[in-house]
Amino acid sequence: MAEGLVDGTVPPLPPRYRFRDLVLGDHYAEGEDRVRVEFYINERSFKERLQLYFIKNQRSSLRIRVFNFFLMAVSCTLYCVRVILDDHRHIACHGCTPKNFSNTTENWWGLLWVNRPVWLWALQVSIAIIMLFQTVLMLYLQHKGNICQQLMSITRILEFLNTIPFIITLFWPPLRNLFIPVFLNCWLAHAILKNMLNDLNRALQKIQTAFSQQVIILCSMLLCLIFTSICGVEHLERAAPGVDGKMNFFQASYFVIVTFSTVGYGDIQVNVWPSQLFVAIMIIAALVVIPIQLEQLAFYLLERQKQGASYSKHRAASEKHVVVCATCIQADLIMDFLNEFYAHPHLQDYFVVLLSPVELDNTMRLLLQIPIWSQRVIYVQGSALRDQDLQRVRMDDAEACFILSPRNVMDRHEADQQTILRTWAVKDFSPNLPIFVQILKPENMFHVKFADHVVCEDEFKYALLANNCLTPGTSTFVTLLIHTLRGHEGSDSDSQWMRMYGRSSGNEVYHITLGDSKFFGEFENKSFIYASFHAHKKYGVALVGVKKDEEDSEIQLNPGPKHIMQASDTCYYFNITKEENSAFIFADSDPEKEREHKRKDSKSSLHNEPSSSSKIHSIIASVGQDRQTSTNTKAGDIRKLHAIQEEDESSGSSNWILSKSDSSMAIELQERRANDPAREALVTGKPSTSSGRNLLIPPAGEEERVPGRRRPSILPVLEIMSSDPEDEETGITFTAEKVETEVDGDIEDIKVWDAKNESDWMKGYPPVAPYIGYTPMFSHLLANPRKLCCLELDQPCSHSNHHCARDYNWPNNSIIVAVESTAPGLYNFIVPLRAHWRPKHTLKPIVIMVEKRPDTVFLESIAAFPLVYYMIGSIESLDDLLRAGILQADTVVVVDRESSKLAEEDYMADACQVVAVQTMFKLFPSSTIITELTHPSNMRFMQFRAKDYYALKLAQKQKLSFVHAYLKGKLKSNVKGKREKERGANLSYMFRLPFAAGNVFTASMLDTLLYQSFVKDYMIIFTRLLLGLDQAHGSGYLCEMKITTDDLWIRTYGRLYQKLCSTTFEIPVGIYRTQMQSDSKSELSVTIDDDDQSSTCLSEERAALAELVRSKMKKLGLPESDYDAEATEKRSALSYVLINPGFDTKLELDDVIFIIRPAGGPNASSPMPPRRKYSTRRPKTEGEKREEPQGSMDTRL
């Protein structure tokens, strides 16, 4: 060994190390030194090991403190036992003879000697030895400097005072009866308790708030103060003269409690001056110590109120709750969530826990004090990034977590970053918890793709605004659809439009399995179009989508007639309430008798004419019946018809396919009806005595109005698509012939694009993605993307010399979108307007008016889209508006400004937007302006008219009804059960004219989309398909059609439903109605007809504004004839949306129908007038006036 060390070699390692080196292949060069290093050598000393056990190790030190606390409690208990067993007559040292004292003098020896039994003395000495040993040991372990400073601490003095005298009694027996103030050990127990509470937090991870700790410490201090006073008074009263004058332990307790409570009965009193002095000192100490502790307790109580309470573990185990995480708790945001969340009946027993890092403001505190919310909403101040706060809200036991983004912030990217971190933290803490995330920017969505439901505000916002440009009222349509309303809004109004509008607002999206449905169960093995039409006709529900029971299947909106309904399909429909909450009431008062009567009639009918009745039944059932029966119709004939239908459906013998023989049967039936007296009465206008009725013929005079055209009719809706080639050929030929005849005279010769440009167009996926995670959409594109210099509208380049929008001479009017700065979310505004299913000749140019120059990445992403331009400008500049082509624009979209969030007053964030839009409205009254606002309450200022008394009266009535509903709800907020479940979401702006017309939008309208996803997990996907943000295979899309004078012969919404389903396979889902001023005297006509002075002032103001616009146009070289100086600001009409109107709703001129067109469209052309007649606004000719887009017909409040 010595030679090896001298040579510098290392001795061989044990066999296990050599085997490990052999396995791992770790070979060292010969002669290389290997040294094994050992760590924490300092902890191997005896003192270090003791410190590790008694001080550093949290669990062992906690056990030691618990043991010491137990010793202190036992010592105090033994003192009380000694007091109770004490004999005041034997006062002497141990082994000494007691002395006799007179009853008139004080016995001061009683304060020095006590009567202590031997067994009690042995227990107290044992405890004293243990305590003294621990005290000396802790002095040794904690010694780091001046030993005198540690010895002179109050804790050490008390420990020595109550232990050393007992140790002395071991060596001097007469001192065994010496009085030792062991009761002072209660203060040592108090100090140990304070340290134990800290160790519980550190060692056992027990979450203990500062408030609860302070309560425990205060109670402990009060107990120690009272216990010390009791023991001190009792012992000092031992010196009182006589045996009867002394106090026992119970009397001392009674005296101290009465004295500290300031009652002071006076029945017991102290007799010697030491006890009197002691009581005075204890009272002074209580007056000093207790207020200090109460002040700290009040401080912690206020802090706890700011931080909120914790959701208890026992409540989490027995009750259900959801957690809402947000940067700041705003009253509007939380009230929208609570109203929508608790609008669903089965969520009434849920608790809502609000988690936010900021404290509540006064408004939110008052709201949460309302009984209806205080019993169900719990606020917790904390951060979602801290596991302790997530544990406080019991995130593991929650049903879901909603993570909301702060909308009213300047830096939206920073807000998204905070949302992303919260989402990651919640996912890390509770991996299986459903997470609902609201994010602002679409480029940040890929960070939270793992969340169960994600709503991107900018993505939905721009898509909704884009659809609003082509289909007016889309924003109102979608907003009402995703809000939970009862359909009772406006029911007490005298205005017909408010009742209709309020009634239809209750429609929502519901789903049900076809096999379990009464609405759609009878349409199994029938086409989707057939089921949609007949379900609306029979039950008033609109079947709009379906999802197959297959793996990886998607929701399909209007999959078309080739989809055959199966029992496992999930049906998506619009209705006031879901089917499970609907009651089916039939008109017959006695169902049993009616059913028996139907059965008899059906048997007799089938026995007499078995073949013809089945055919006639199939034709009539597929054609449809009107709901209003003629006054001359016989009830027996109707019962007979229903009996035949019921018998055929029960037997299943009828397949109801319009084959070749059935087509001839239909033609024969149609020829018979040509000679029907009922039809002659309808055509000639003469009364008829027959009970026949026919909905397939146009109104009287149709043939004379269009000479040479075939009489329009409505084809039956087929149950399924026929597989017979002959039948299919016959049907298509008949349909195409009718369609060509109808639209032949209406098609206009419209100049679209020149052949060169048209050949450069194609359909495909955009070559450049605007942001990470974007799903490409099949769109109209340019084969060769344009140069970036050609994208700027008003700046000539080497490829173009145009200076303004009018120089381009577009055949279609444009869409102007005004933004503060371009963002990737703006890409979602362009894509729906360039969707592949839109006809090329209907595409409208898009002009992006931006205040800051766009970056190159954004320009490259839009360069492949046709007819998309940008220009640097602001809506506050009249020159910029004229260069952008506002006179040639169909719609102007004003997007909310992010810089407006810096307003000192929160609700003033929309001031710049509102004033700028009002200026545009004054200068160009006939322009359609769609504005995005931050706060919904500011929409009352849109297109503000000081003399519009109808709007002011409508707002006043709405305000009074809102106050009435609020007071009624506040007074009855503690009433639960049915009334509470009937509550719906509150849309205070629902009847505001700009919102009803779809001219205003706020991002907060989309919040409920995320909230509804908790109950309806398909809502986000459904809305994305509806707005064109996603494209599912076989799914249809939302578009529009306008009712013209040539379509009024259809008369009702139900007949239009049948015509669309039977020809183009389109499904109508709503109406955007614009009602003009009625001729009758109404409040509207009164308010519009202002006094002469007001009209004169308006005329003068209008003339001055017209002169200003003309001068600017002359300066820019624009023809002054483009400007309509005769446009007026007066309200002549109002617009509103009807979702899923009734079957008998009458169609009116200029109604815009929301329709869902099947993917790919039908083989035949649409039977309606061409869509381009509505989507293209021709430059008006001389003398032609431009109509204002909003107004009203029925104006009674």
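Begin by colouring the whole protein by pLDDT, the predictor's confidence in each residue, from 0 to 100. The average pLDDT is 74, and 69% of the residues score at least 70. This is a predicted model, in which local features need pLDDT of at least 70 and side-chain atom pairs count only at pLDDT 80 or more, while totals for chains, interfaces and linings use all residues. Residues are numbered from 1 along each chain as its sequence is written, and side-chain values use heavy atoms, with hydrogens and water left out.

Next, select residues 1-6, where pLDDT stays under 50. The model has 2 contacts (heavy atoms within 4.5 Å) beyond four places in sequence for this stretch. Then select residues 1079-1092, where pLDDT also stays under 50; here the model has 23 contacts beyond four places in sequence. Where pLDDT is low, the predicted coordinates should not be read in detail.

Now return to the whole protein and switch to a cartoon view. Of the 1197 residues, 50% count as buried, that is, under 20% relative accessible area, whereas exposed means over 50% and partly exposed lies in between (1.4 Å probe, protein chains only). Among contacts between residues at least 6 apart in sequence, 76% join residues at least 24 apart.

Which cysteine sulfur is nearest to that of C790? Select C790 and C797 together: the sulfur of C797 is the nearest, 3.8 Å away. The structure holds 0 disulfides, a disulfide being a pair of cysteine sulfur atoms within 2.5 Å. C790, at 15% relative accessibility, counts as buried, whereas C797, at 22%, counts as partly exposed.

For the last stop, select T1002, which lies in strand β18 (residues 1000-1002). Is T1002 buried or exposed? T1002 counts as buried because its relative accessibility is 0%. Show its side chain together with that of S1004: a polar contact of 3.1 Å joins the two. A polar contact is a pair of N or O atoms within 3.5 Å; within protein, one must be able to donate a hydrogen and the other to accept it, and residues adjacent in sequence count only if both atoms are side-chain atoms.

Terms used:
Helix = DSSP H or I, 4+ residues; strand = E, 2+ residues; numbered from the N terminus.
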